Amino acid sequence: MENDLKALLSLSGGVVSGLHVGEQIEEGLSAGVIDRIKKALGIPDRQLSATLGLSSRTMTRLRKSKRRLPLPVGDRLYRLARTFIHALDVLEDADRAREWLHTPQIGLNHRIPLEVLATEAGAREVEDLLRRIDLGVLA
């Protein structure tokens, strides 16, 4: 899981700890992370920009930029990547993980996980649901 997260976010260094990831997010992730996460999650631009709390034009500008991403954008991308890797671990298949993230879930009041991930509170609910699925608790 850690290596998958490290690759998806293009993190440098050896061990991926929360502090290490936080430092790199604060320094600014590379703009290329947007496209890697978009591709990994199979998410259209409109949905990705909404989840990141950005207008489509701002996201396009950031993607084309050679500058580092602002902290809030990097943090939201980290949230998306972490949740995708968690879904991948639980569901044991990338296609199933992507499908799950795009499908309304009973455990989220029939909301789509990718839409719920727009907030930290929603992300915690998605992570909790994945833990319950992993443990075999009614989801």
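On one side of α7, Asp95 and Glu99 are exposed (over 50% relative accessible area with a 1.4 Å probe, protein chains only; buried is under 20%, and partly exposed lies in between). This is a predicted model, where local features need pLDDT of at least 70, side-chain atom pairs count only at pLDDT 80 or more, and totals for chains, interfaces and linings use all residues. Residues are numbered from 1 along each chain as its sequence is written, and side-chain values use heavy atoms, with hydrogens and water left out.

Now for the buried residues of α7 (residues 94-102): they are Ala97, Trp100 and Leu101. They span an arc of only 95° around the axis, so they sit on the same side of α7; the arc is taken from the directions from the helix axis to the C-beta atoms.

| Helix packed against by the buried residues of α7 | Residues |
|---|---|
| α3 | 32-41 |
| α6 | 71-91 |
| α8 | 113-116 |
| α9 | 120-135 |

Take α6: its axis and that of α7 are 8 Å apart, at an angle of about 120°. That makes α6 oblique to α7 (under 35 degrees is roughly parallel, over 145 roughly antiparallel, 65 to 115 roughly perpendicular, the rest oblique). Residues making the contact include Phe84 and Leu88 of α6 and Ala97 and Trp100 of α7.

Over in helix α3 you'll find Val33, which is buried at 0% relative accessible area. Val33 and Leu77 are 44 residues apart in sequence, yet 7.8 Å apart in space, C-alpha to C-alpha.

Methods:
Helix = DSSP H or I, 4+ residues; strand = E, 2+ residues; numbered from the N terminus. Contact = heavy atoms within 4.5 Å. Axes fitted to C-alpha atoms, helices over the stretch in contact; angles between N-to-C directions.
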